[in-house]
Amino acid sequence: MSPLSLLLAFVLATPALAERPPQNPDPRPMGPPDPHLDALAGASDLGDWAVSLEAGFPFFGVRGQVATPWAGLNAVGSVNSALFADTWALGGVSMRWVDTHRVVLSGELLVGGTVRTGDLSRRGPAAQTTLRLARGHGRVVPALTLSSRQVLLTDVQVNQTAEGELIERSRAVAWSPVASFDVGVGVCPGFAVSAGLDVPWFDPPGFSLPGAHLNLIVGGWK
Amino acid sequence: MSRPMLLMLSLSPLLGCVNSRTQWIEVTVTTTLLAEEGLSGPVYGEWNHTWSGEGELRVPLLPFEDFTAEGPGVSTSTFRAPLDGVEGLTLYAWMDLDGDGLHCAPGVTDEPAGLAEALPYPATEAEVTLTLDAPCLGAEALWDGG
Amino acid sequence: MVKPMITPLMPLLLLGCAEEAPVYGVSFGGERLPVVDMHLHQGEWNLIPESTRAFLASRFPAPLGLIAESTAESSLDAEGVLEQLDEAGVIQGALFAVYAPRTVGVATNEYVAEQVLKDPERLFGLGSLRLDDWNNDADAQLAELAATLDKPGFIGIKLAHAHQHVRLDDPRFDALWSLAAATGKPVYLHTGSSPFPNTAQDPAYTDPAYFEPIIAAYPDAQFILGHLGYDFINKQVGALDTCVELAARYPNVWLEPSALGSAGSDPTGANLLTAYSAMKGAGVIDRVVYGSDGPQSPGFVAEYLERSLAAMEGAGYTAEEARAVLSLNFAAVFGVEPAPL
């Protein structure tokens with residue numbers, strides 16, 4: 001599996017970006033890095049990066065983002081697991097759509113794969129689209145995240161018949177959305193924490209227990 | 001190596017994932033049903049995996065497909081049977097003499113049943129001869145240990 | 001400044017964290033009544049067939065189904081069962097051995113014996129036996145069952161024809177019924193359909209009417225008709241009338257209304273109320289033995305008891321009738337001391 005190499009790729013990209021001359025299309029005033037804002041908003045300012053470590057019930061995970069010089073896009077890598085039994089490894093891009101002093105609204109598109117172990121096992125290529133709405137400034141940043149996750153399940157049936165072997169493939173898409181509400185607090189430059197509530201929906205329409213998590217967020221340097 | 005290429009390589013093991021892979025066989029079974037002369041009626045039953053499970057869960061006779069025939073005689077059935085974790089193909093059948101759709105409802109004592117293994121199996125064509133001569137017994141009561 | 005504020009709160013915080021001693025019994029009709037749950041399961045997750053494990057995991061509230069094995073095993077051993085009994089105020093319970101490898105799996109007599117010994121004052125066992133190769137190993141199975149019934153705490157025999165794929169009128173089990181009669185150990189029978197994969201759902205396997213000839217032929221054996229013939233597939237009362245009529249006609253028939261009244265199987269509680277009303281109407285309350293079919297999921301044992309009390313109240317049971325259902329009839333059918341409060 002490659003999630004670590006994915007993250008490594010993004011982290012390795014950071015110094016090169018950091019060496020670029022400062023370009024700040026962000027209408028917000030320049031200031032010290034806000035990793036908690038960046039992480040909760042889903043995208044960093046140009047030259048910035050953020051990595052967050054999540055632990056709670058049911059989710060554990062790590063997510064990294066780094067701004068790229070292309071069209072305001074961030075490169076994003078994420079490995080997230082529910083109870084270490086339903087793991088999603090995803091990579092892709094995010095972008096701030098609305099970015100004002102009051103709010104930041106970002107969108108994110110990730111692709112990758114998911115593996116679920118145990119008695120409800122399943123696996124397949126996966127995609128996740130996410131909307132994040134966060135307060136646009138301040139030491140305390142509330143943020144709402146809505147994610148829609150889909151996995152493509154391909155079942156192969158090998159049929160021995162009198163005419164020979166026939167292979168049938170059936171495909172289905174399973175959906176599992178998650179909504180989260182976080183409050184992040186900047187502890188010191190480059191380091192923040194956040195706490196949040198999760199409302200996952202693992203296998204709609206069945207009931208899912210809500211959850212909660214803590215994030216440690218590091219990042220920074222312009 | 002470019003970053004996009006690295007990304008694609010990192011994801012490739014996941015993109016190719018198959019959720020499940022199961023093996024099946026499409027089998028046509030020629031069934032000869034024998035019964036005492038004069039007895040007639042529709043015949044119902046099930047195709048069973050002769051064995052399934054492992055260890056303490058290993059067990060004979062797991063029904064997986066319904067069987068019907070108009071009566072004694074020769075008929076053919078074509079169906080798909082799973083192959084993973086199971087062995088053998090055994091037919092259980094009974095004759096519905098009173099037409100109530102039930103095998104020996106309370107008070108009924110004469111509806112004959114039988115059990116026989118189809119061979120060769122697994123194969124796309126198999127044969128089984130089953131004698132309906134055991135009144136009111138379920139498949140489990142006719143199982144002799146294989 | 002902070003410390004003086006916290007200090008007085010500490011004892012309160014500690015008290016809040018301390019485990020409270022369980023309170024046994026329930027209030028009904030102005031009286032405090034002891035409760036015995038005659039139908040409890042335990043076992044090992046890997047002795048359940050794959051299809052049933054997936055079925056069970058899918059019924060756990062997500063995401064607990066993702067870790068179904070650890071979720072289940074924490075509540076399927078004696079400690080987990082006792083925790084649920086404590087939470088419900090149930091003083092005693094009976095654990096079932098099960099040999100149904102096609103459907104609900106295997107919980108061996110040895111395993112049940114070990115669990116019973118963990119709290120022999122509160123736990124009883126019902127032994128069982130494999131029926132799937134009876135034509136070849138009947139003697140061995142019977143000998144093993146007889147040995148199990150001799151062990152401390154074993155008070156009865158558990159069978160589930162639909163799960164074990166054996167017709168209720170199967171004529172091959174005379175020796176088993178004779179053993180039950182000779183030892184005075186009642187036989188508990190699952191009746192009605194079942195939601196578990198691979199269950200034999202035909203009436204010959206689920207309808208207690210097929211069992212009547214055996215009830216009649218063995219008047220010295222006691223038979224407990226579990227689930228009252230409930231139709232768990234369609235969530236209907238199923239063979240309730242048959243069960244009640246059999247109890248009315250045969251003094252060796254007992255009734256056990258477990259599982260059918262759960263939130264999943266009877267969302268409104270109407271069917272459980274119908275069942276308790278029918279049993280009262282037929283005058284067979286003296287042979288109704290309470291059971292839940294727990295632990296199933298956290299809190300199930302307590303919730304089922306609550307729903308059962310509501311049904312008894314709705315059906316107009318007196319405190320003495322409820323006492324009979326909740327504990328005295330258990331003592332009567334299994335020949336044990338009445339449960340203390």
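**Close-up views of a predicted model**

With 26 C-beta neighbours inside 10 Å, Gly192(C) counts as buried (20 or more other C-beta atoms within 10 Å of its own; 12 or fewer would be exposed, and in between partly exposed, with C-beta atoms placed from the backbone). This is a predicted model, in which local features need pLDDT of at least 70, side-chain atom pairs count only at pLDDT 80 or more, and totals for chains, interfaces and linings use all residues. Residues are numbered from 1 along each chain as its sequence is written, while chains are lettered from A and ligands numbered from 1 in the order in which they are written.

**View 1. Surroundings of Gly192(C).** Gly192(C) lies in the loop between strand 9 (187-190) and helix 10 (203-206) of chain C. Helices (H or I, at least four residues) and strands (E, at least two) are DSSP runs, numbered from the N terminus. Apart from neighbours within four places in sequence, the contacts of Gly192(C) include Thr206(C), His227(C), Tyr230(C) and Phe232(C); a contact means C-beta atoms, placed from the backbone, within 7 Å. Ala331(C) is 139 residues away from Gly192(C) along the chain, and their C-alpha atoms are 25 Å apart.

**View 2. Helix 7 and helix 9 of chain C.** Two packed helices are described by the angle between their axes and the distance between the axes. Here the axes of helix 7 (residues 134-149) of chain C and helix 9 (residues 174-183) of chain C come within 11 Å and cross at roughly 20°. Axes are lines fitted to C-alpha atoms, for helices over the stretch in contact, with angles from 0 to 180 degrees between N-to-C directions. Helix 7 of chain C and helix 9 of chain C are therefore roughly parallel (under 35 degrees; over 145 is roughly antiparallel, 65 to 115 roughly perpendicular, and the rest oblique). Residues of helix 7 of chain C, among them Ala138(C) and Leu142(C), meet residues of helix 9 of chain C, including Ala175(C) and Thr183(C). This contact of helix 7 of chain C with helix 9 of chain C has eight nonpolar, one polar and no charged residues (Ala, Val, Leu, Ile, Met, Phe, Trp, Tyr, Cys and Pro are nonpolar; Asp, Glu, Lys and Arg charged; the others, Gly among them, polar).

**View 3. Strand 1 of chain A and its partners.** Strand 1 (residues 49-57) of chain A pairs antiparallel with strand 2 (residues 59-67) of chain A over seven bridges; pairing requires at least two DSSP bridges. One residue separates strand 1 of chain A from strand 2 of chain A in a hairpin. Nine bridges join strand 1 of chain A to strand 11 (residues 211-220) of chain A, also antiparallel.

Definitions and conventions
Contact = placed C-beta atoms within 7 Å.
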